[in-house]
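Me: Please take one part of this structure and look at it closely. What surrounds it, and how does it fit into the rest of the chain?

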Amino acid sequence: MPYLELPEVSLWYTDERRSDSTTSEAVVFLHPDTGSSQSWTPQLLPFITANYRLIAIDQRGRGQSKSILPTIPDGACADDLLAVLNHLDLEAVHIVATALGAFDAIQFATRHPERVTKLVLANTAGGISDQWYANIVQHMWTPEILGTASSPTGAVTRLPWSKSGRHQSLD
């Protein structure tokens, strides 16, 4: 697999697609802080089968990427993603990111919205301020719901579910 040599990092990435693929649609996978591009291995086959081009990056200091800096400067991973997309001549991509990788995806998407076709964020507390979401959180984690639970996770069983299995209206 190739490396992209940048001033402060030797960035390892994969670029996979079916041999008969003619698609221009690419999906970039950004891993969690404790992982590497290998974190995505179980998810790759369905995307390849669906004829997507797959890009998975070992972010700075993770997996096979090598950084000369002891810490990662703010915004560096978003800059790295831009460098990879430019290197591969990709104008716009779908991004799938999890945990800390989602923070980098958010940063990239806010800096370069024209380069993002779709953004999928999983398992992250990444910060997109959305009033609708803030209202849900405000209504859900009240003292009545939390009860004696020390965290929202411990209170999930006390949420007011409707018969359909969906959360009741908060209005």
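**A buried strand residue and its surroundings**

Reply: Isoleucine 55 counts as buried because its relative accessibility is 0%; buried means under 20% relative accessible area, exposed means over 50%, and partly exposed lies in between, with a 1.4 Å probe and protein chains only. The model is predicted, so local features need pLDDT of at least 70 and side-chain atom pairs count only at pLDDT 80 or more, while totals for chains, interfaces and linings use all residues. Residues are numbered from 1 along each chain as its sequence is written, and side-chain values use heavy atoms, with hydrogens and water left out.

Isoleucine 55 is part of strand β4. Helices (H or I, at least four residues) and strands (E, at least two) are DSSP runs, numbered from the N terminus. Leaving aside residues up to four places away in sequence, isoleucine 55 touches Thr14, Asp15, Val27, Val28, Phe29, Val84, Leu88 and Leu90; a contact here means heavy atoms within 4.5 Å. Serine 37 is 18 residues from isoleucine 55 along the chain, and the C-alpha atoms of the two are separated by 9.1 Å.

One of the neighbours of isoleucine 55 is Val28. With residues up to four places away again left out, valine 28 touches Ile55, Ile57, Leu81, Leu85, Val93, His94, Ile95 and Val96.

Which residues touch the most other members of the largest nonpolar core? They are Val28, Leu30, Ile57, Leu81, Ile95 and Phe108, in a core of 25 residues. A nonpolar core is a set of buried Ala, Val, Leu, Ile, Met, Phe, Trp, Tyr and Cys residues joined through side-chain atoms within 4.5 Å. At least two residues of this core come from each of β2, β3, β4, α2, β6 and α3. Helix α2 gives the largest share, six residues. Another core, of seven residues, lies apart from this one and has Val27, Phe29, Leu54 and Val96 among its members.

Helix α2 covers residues 76–87, and its 12 residues should span 16 Å at 1.5 Å a residue; its end C-alpha atoms are 16 Å apart, which agrees. The expected span is 1.5 Å times one less than the number of residues. Nine of the 12 residues of α2 are buried, including Leu81, Leu82, Val84 and Leu85. The buried residues of α2 pack against β1 (3–6), β2 (9–16), β3 (26–30), β4 (53–57), β6 (93–98) and α3 (100–111). After α2 comes aspartate 89, which has a positive phi, near 55 degrees.

Helix α3 passes the length check too: its 12 residues should span 16 Å at 1.5 Å a residue, and its end C-alpha atoms are 17 Å apart, which agrees. Gly101, Ala102, Asp104, Ala105, Ile106, Gln107, Phe108 and Ala109 are the buried residues of α3. These pack against β3, α2, β6 and β7 (116–122).

How many cavities of 30 Å³ or more does a search of the whole structure find? It finds one. The largest cavity holds about 30 Å³ of space and is lined by Leu30, Ile57, Gln59, Cys77, Asp80 and Leu81. On a 1 Å grid over the protein atoms alone, a cavity is a set of points where a 1.4 Å probe fits but cannot get out; a pocket is an open set with protein on both sides within 12 Å along at least five of seven lines; and lining residues have an atom within 4 Å of a point. Points are joined across faces, edges and corners, and a volume is the space filled by probe spheres set on them. Helix α2 supplies the largest share of the cavity lining, three residues.

The largest pocket has a volume of about 190 Å³. Gln59, Ile72, Cys77, Leu100 and Asp104 are the closest to its centre of the 16 residues that line it. The largest share of this pocket lining, four residues, belongs to α3.

Glutamine 59 is in the loop between β4 and β5 (66–67). Glutamine 59 is buried, because its relative accessible area is 7%. Beyond residues up to four places away in sequence, glutamine 59 touches Leu11, Leu30, His31, Ser65, Cys77, Gly101 and Asp104.

As for the whole chain, there are six helices and seven strands. Of its 171 residues, 39% count as buried. Among contacts in the chain with a separation of 6 or more, 62% join residues 24 or more positions apart.
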